[in-house]
Amino acid sequence: MVNRRDDVYGSDFAGRMRFGTEVVRAVRAAVPSDFLVGLRMTGDPLTDDIGLGPDDMLEIARYLDGLGAIDLFDISGGTGATLETQAGTVPPDTFDRGCYLPLARAVKDVVSVPVLCAGRILDAEQAEQALAAGDCDLVAMTRAHMADPDIVTKLTAGELDRVRPCIAINDGCIGRSYQRLTVKCAVNPVLGHDELDRPERATTPRRVVVVGGGPAGMEAARVAASRGHQVSLLEAGTGPRRADHHRAQVTAPAASRQARGLVGQ
Ligand SMILES: Cc1cc2nc3c(=O)[nH]c(=O)nc-3n(C[C@H](O)[C@H](O)[C@H](O)COP(=O)(O)O)c2cc1C
Ligand code: SF4
């Protein structure tokens with residue numbers, strides 16, 4: 001049990017909701033009436049240790065919605081209460097893709113405003129499915145944007161196969177953040193390095209040979225090509241097998257554990 005207070009901020013449900021209620025009302029009062037107020041909350045703390053389960057979260061969502069001060073519920077999972085459950089707040093690849101959609105769906109059934117879901121929604125197809133199924137009204141795709149900030153531009157242009165997927169290993173982004181290091185991204189070297197973004201065209205285009213088609217080699221080839229150089233990327237193997245190898249470097253880790261099993265990774 002996290003809230004052990006026995007004063008007006010504890011004891012019963014109304015007491016335990018008092019602090020949150022005061023915050024929500026204060027925020028609502030501080031912004032113009034056309035300013036959208038969203039509330040991020042877990043739909044399931046993923047532990048029995050804090051005295052709150054999924055049903056409690058639904059009761060809380062219903063209550064907060066009843067205040068009439070919230071325009072959007074932003075649903076995720078896990079909780080910062082323990083280190084173990086903290087991991088669930090940014091679900092790594094050991095969690096299923098779209099792992100918190102059932103939680104968003106449950107909240108959607110008890111509140112009167114739109115519900116957003118955050119939790120390993122990695123690509124447009126998955127996002128469309130979630131929206132079409134009515135699991136949520138909006139998707140977050142936080143790390144998907146960190147891995148590829150141009151994701152929306154590429155999707156709008158119909159270039160689905162050019163999107164660089166998040167692999168959900170977490171070492172670059174939230175893992176570094178927990179160590180008080182600058183947030184970076186394992187598949188997007190530009191993140192945190194604005195000086196590397198949009199490299200200038202080379203004044204003298206050259207022929208560039210990159211040996212090795214791992215992540216570093218592919219990125220070097222991509223950047224050199226974007227600068228206008230003529231790039232040859234050399235990798236062991238030939239034909240379709242080689243292309244599969246390059247693709248698997250990025251897409252296999254991006255899939256869920258179960259999907260990786262299917263492709264024998
Ligand atoms: C580097 C980083 C920082 C984050 N900081 C916060 C935060 O301050 N508050 C919060 O509620 N969620 C935070 N999150 C969690 C995201 O809002 C989101 O719920 C989570 O990444 C799962 O969504 P995704 O699978 O689309 O990335 C953070 C995530 C990352 C990767
Ligand atoms: S560091 Fe890894 S988990 Fe984080 S956004 Fe980049 S690819 Fe995704």
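A polar contact is a pair of N or O atoms within 3.5 Å; within protein, one must be able to donate a hydrogen and the other to accept it, and residues adjacent in sequence count only if both atoms are side-chain atoms. This is a predicted model: local features need pLDDT of at least 70, side-chain atom pairs count only at pLDDT 80 or more, and totals for chains, interfaces and linings use all residues. Residues are numbered from 1 along each chain as written, chains are lettered from A and ligands numbered from 1 in written order, and side-chain values use heavy atoms, without hydrogens or water.

**View 1. Polar contacts of ligand 1.** An oxygen atom of ligand 1 lies 2.7 Å from a side-chain N or O atom of Arg143. For Thr142, a backbone N or O atom is 2.8 Å from a ligand 1 oxygen. Arg40 places a polar side-chain atom 3.1 Å from an oxygen of ligand 1. Alone, ligand 1 exposes 610 Å², of which the protein buries 70% (Shrake-Rupley method, 1.4 Å probe).

**View 2. The shell around ligand 1.** The ligand is surrounded by 14 residues (a heavy atom within 4 Å). Arg120 and Met141 are among the closest. Helix H6 (residues 142-147) gives the largest share, three residues (helices are DSSP runs of H or I, at least four residues; strands are E runs, at least two).

**View 3. The sheet.** Four strands form an open sheet, ordered S1-S2-S3-S4, with parallel pairing (at least two DSSP bridges per pair). Strands S1 (38-42) and S4 (138-139) are at the edges with a single partner strand each, so one side of each lacks a neighbour in the sheet. Cys117 stands opposite Val139 in S4.
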